[in-house]
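Good morning, and thank you for joining the meeting.

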Amino acid sequence: MLYSQSASGKYGTIKERQGFIMSEMKKDGRDYIGYEYCEIRADAGKISMYLDSYECFGWEPDENNRLQDSGMSVIRLKRNRKIINKQELTRLQRHFEDCINQIEQLEKRKTSKGTMISIAVGIFGTACMAGSVFAVTAAPPVIWLCILLAVPGILCWIAPVYLYRYSYFAY
């Protein structure tokens with residue numbers, strides 16, 4: 001059996017000594033706080049908004065470091081499990097998360113319309129240029145058709161840049 005000397009000079013087994021240390025630290029179990037944990041992935045520019053908003057639902061930042069993952073950060077939060085009105089806070093938190101998702105979808109929608117228009121015009125320009133090339137390489141070359149198709153083709157290759165900018169700033 002292994003023996004160790006306690007702070008008061010008494011000897012006892014290691015198990016007895018560990019029990020003595022645990023009883024000094026325990027204090028009737030009332031100081032223990034159980035936490036639930038949450039991880040949130042957010043853009044680096046929106047971290048402050050998430051931290052401020054989640055504090056309203058009882059969450060507080062965990063001391064662990066945030067992880068950077070290709071422009072996205074992982075925020076680790078914790079909250080007391082015995083928080084008052086937990087069901088109502090959870091309902092409000094889900095509503096908040098739904099609102100944040102809607103905002104993100106609206107921000108993506110700003111660029112999606114311009115992207116679709118730009119791609120369609122670019123494809124039309126490519127088709128015009130293909131027709132121009134086929135007109136020039138025909139057995140008797142049709143130069144007037146080549147020029148007629150090449151001009152809108154070139155214009156449709158240049159126009160998507162300006163169409164995208166216009167549709168982005170139109171919102």
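This is a predicted model: local features need pLDDT of at least 70, side-chain atom pairs count only at pLDDT 80 or more; totals for chains, interfaces and linings use all residues.

Residues are numbered from 1 along each chain as its sequence is written, and side-chain values use heavy atoms, with hydrogens and water left out.

A salt bridge here is a side-chain nitrogen of Lys or Arg within 4 Å of a carboxyl oxygen of Asp or Glu. The count under this rule is five salt bridges. Helices (H or I, at least four residues) and strands (E, at least two) are DSSP runs, numbered from the N terminus. For accessibility, buried means under 20% relative accessible area, exposed means over 50%, and partly exposed lies in between, with a 1.4 Å probe and protein chains only.

Let me begin with Arg-76 and Glu-39, a salt bridge whose closest N and O atoms are 2.8 Å apart. This pair joins distant parts of the chain, since Arg-76 belongs to strand S6 (residues 72-80) and Glu-39 to strand S3 (residues 35-43), 37 residues apart. Arg-76 is partly exposed at 24% relative accessible area, whereas Glu-39 is exposed at 52%.

The next salt bridge is between Glu-107 and Lys-46, with 3.3 Å between the closest N and O atoms. Here too distant parts of the chain are linked: Glu-107 is in helix H3 (residues 86-136), and Lys-46 is in the loop between S3 and helix H2 (47-55), 61 residues apart. Glu-107 is partly exposed, with 38% relative accessibility, but Lys-46 is buried at 18%.

How far apart are the closest N and O atoms of Glu-88 and Arg-91? In this salt bridge they are 2.6 Å apart. Because Glu-88 and Arg-91 are three residues apart in helix H3, about one helical turn separates them. Both are partly exposed, Glu-88 at 39% and Arg-91 at 47%.

Finally, I turn to the serine. Ser-118 is found in helix H3 and is buried, with a relative accessible area of 12%. A polar atom of its side chain lies 2.8 Å from the backbone oxygen of Gly-114. Beyond its neighbours within four places in sequence, Ser-118 is in contact (heavy atoms within 4.5 Å) with Pro-160, Leu-163 and Tyr-164.

Notes:
A polar contact is a pair of N or O atoms within 3.5 Å; within protein, one must be able to donate a hydrogen and the other to accept it, and residues adjacent in sequence count only if both atoms are side-chain atoms.
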